[in-house]
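Thank you for sending this model for comment. My notes follow as numbered points, first on the ligand site and then on the contact between the chains.

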Amino acid sequence: MRANRWTKRAATPVVYAALLVVWELTVRSFAVPQWILPAPSVIATTALQWAPELASNGLVTLIETAVGFLAALLLSLPAAAVIAFTDLPRRILYPIVLGLQSIPKVALAPLVTLWLGLGELPKITIVILVCFFPILVNVVAGLEAAPKPMLDLMRSLNASPMMTFRRLRVPVALPHLFTGCKIAITFAVIGAVIAEFVAAQRGLGYLILISTAQAQTPLAFAAILLLTLISVLLFYAIERVERRLIDWSP
Amino acid sequence: MSQGMRLDGVSKTFGEGAQAVEALGPIDLVIEAGSFVAVVGPSGCGKSTLLRLLAGLDLQTAGRIARAGRPLEGPSRDVGIVFQEHVLFPWATVLENVLLPADVLGLPREPARARALHLLELTGLSDFAEKRPQHLSGGMKQRAALCRALLADPQILLLDEPFGALDALTREELSLFLSRNWDELGRTALLITHDIEEAVLLADRVLVMSPRPGRIRADIAVDLPRPRTIDTPRDPRFVEIKQKIRELIFTPAEL
Ligand SMILES: Nc1ncnc2c1ncn2[C@@H]1O[C@H](COP(=O)(O)OP(=O)(O)O)[C@@H](O)[C@H]1O
Ligand SMILES: [Mg+2]
C-alpha cells in the first residue's frame, strides 16, 4: 500500500522528466535547427542568460494582468447586482451584455490601441474587457441561485431585501464568483499578451514577438514558459483565496 | 399567551385559465389557541399549500384567514416554521443557523444566544453548536431546524412533514421528543404529516383531507391523556383512533 502511494506521487514528475529527456534526445539525435525547436537544455541556459530581461518584462505583463483583472472585478460586481436585482435595467442591459460577451474581445485589441495609445492603458483595457463578462455572468447567475426554500425561510422571518442579500444571496453567489474569476484570470493573461502583440515596448508578449522576429527561438520558449508559469500561479492564488473563504460544502 | 387561527372559505388556485390548478379548499377551520392540530391526507392534496397560506408566504385566492382575531398580513415573527427540507445554511455553523431569526429580527444578542444554546441542549445538539450542518445526520438537522423555528419564541408553530424524510426510528424519537416538550411549551401547533401514528401521538385533533382540491373530510378529536409517552401507541383508544383515520383515508368519499 505504502509503495503504491509513492508510485502515485512520483508518477507525474517521472513522466514529465521522461518527456523532457525524449525531447532533448530527439532534438540532438536529429540535429533539429535551434530556430525551429531548441532543446530543453538550451532553453534553460538561455533563460538564465536573459533572466533580468525575462523578469522585468514578466513583471510588466503580470501587473497589466492583475490590475486589469482587479478592475474588472470591481466593475462587474455592482453591474451584476444591478442586473440581478432591478427589473428595467436588467431587461435593457442583460441582452446587450450577452451580445457583447460573444464579441471576441482580443479582436478589439488593435482598435483599443488606436484609441488609447501605446502605454499600459490599452493592455489593461483589453484585460478588463476579457475578464468583465465571465465574472459578471457568473455572479448574476450566483445571485439568482438562492434556493426557493431558503428564500421562503428568509421571507417567513420578514427579512428585508438587504438582509436576504447579505445573509443568503452573497454566500450562495460566492462559489459562482470564484468560478467566474478562475475563467477570467486565464483569459486575462491571454488578453494582456495579445494587446502586447499589437503594439508594445515591454512585456512578455513583446519579448516573444521580437525574439521570434530575430529567430531567437530559445528566448521565445523561455518567455512562453514564464507566461505559463504566471498564468498557473495567478490561477492558484485565486484558488487559495477561494479555499480560505469557502470552507463549507453544501 | 398563545394565539389561535381561523379560516373562512379559504381556497387556493394556482395559475389561470386552462392551466389553473385548484389546489385547496374551500376550507373552514378554527385552530384554538394552544391546541395541537395534525393534518393528514394524500400526497398533492394541498397540505403544504395550506401551511404556506397560514404562514403568510402565499396569498389565498378566496376566503379570509385570521390570526389572533386579526386578518393575516404576510409572515410574522409570531409564527415559527419547520419546512419539509431542513433548509440550514451550509456556510453557517449550527448555532449561527439557529440564531438566524434573532439576526433578522434584530433581537438582543446575548439573550438570543443563551436561548439558542438552551434549545440546542434540549435537543441534544450542544456538542454540534460550532459544527457545520454537513456534519449532522438527517434527524439532527431537523432538530436544529426546530430549534431555529423556536428561537424567537413564536406563538404558533407550523410543521410541514418535518420528519418525513427520516427513517422510522428517528421519526419516532423526534415525535416523542416533540410531544414531551409540547406540554411545556403550550403553543399552538399545526403539524402536516403522512404518518397517521405520528399525527395521533402528537395532536389534540387530526384533520383528514380529501384528494386535490384538498378539503377537510373529517375532524377527529384525539382524547388521549397527556403527556403522551412511548407507551401511548399501545393504548386501545390510540389504536382505535388510528384505525378510524386509516379507514377514512383509504375509503373513497361518498359523493
Ligand atoms: N407554486 C405552485 N404552482 C402551481 N401549482 C402548485 C404550486 N404549489 C403547489 N401546486 C399544486 O397544488 C397541489 C397541492 O400541492 P401541495 O400543497 O404541495 O400538496 P401536498 O403538500 O399535500 O403534497 C399540487 O397538485 C401541486 O402540483
Ligand atoms: Mg407537501
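1. In this predicted model, a backbone N or O atom of G46(B) sits 3.1 Å from an oxygen atom of ligand 1, and a backbone N or O atom of C45(B) lies 3.2 Å from an oxygen atom of that ligand. The side chain of T49(B) also takes part, with an N or O atom 2.5 Å from a ligand oxygen. Taken alone, ligand 1 exposes 560 Å², and the protein buries 59% of that (accessible areas by the Shrake-Rupley method with a 1.4 Å probe; for residues, only the protein chains shown count as cover).

2. The residues surrounding ligand 1 are F14(B), A23(B), S43(B), G44(B), C45(B), G46(B), K47(B), S48(B), T49(B) and R212(B), where a residue counts as near if one of its heavy atoms lies within 4 Å. Helix α1 of chain B, residues 47–55, gives the most to this shell, with three residues (helices are DSSP runs of H or I with at least four residues, numbered from the N terminus). By class, the shell has three nonpolar, five polar and two charged residues, with Ala, Val, Leu, Ile, Met, Phe, Trp, Tyr, Cys and Pro taken as nonpolar, Asp, Glu, Lys and Arg as charged, and the others, Gly among them, as polar.

3. Turning to the two chains, the contact (heavy atoms within 4.5 Å) takes 20 residues from chain A and 21 residues from chain B. About 2,000 Å² is buried between them, and carbon and sulfur atoms give 65% of this area, which is the accessible area (1.4 Å probe) that two parts lose on being put together, summed over both. In chain A, L153(A), L157(A) and R167(A) lose the most area to chain B, together 31% of what that side buries.

4. R167(A) also forms a salt bridge with D103(B), the closest N and O atoms being 2.6 Å apart; the count between chain A and chain B is three salt bridges (a side-chain nitrogen of Lys or Arg within 4 Å of a carboxyl oxygen of Asp or Glu). On the side of chain A that touches chain B, the elements giving two or more residues are α7 (148–156) and α8 (161–198) of chain A, and α7(A) contributes the largest share, eight residues. That side comprises twelve nonpolar, three polar and five charged residues.

5. On conventions, residues are numbered from 1 along each chain as its sequence is written, while chains are lettered from A and ligands numbered from 1 in the order in which they are written. Local features need pLDDT of at least 70 and side-chain atom pairs count only at pLDDT 80 or more, whereas totals for chains, interfaces and linings use all residues, and side-chain values use heavy atoms, with hydrogens and water left out.

Note on methods
Polar contact = N/O pair within 3.5 Å; in protein donor to acceptor, adjacent residues only side chain to side chain.
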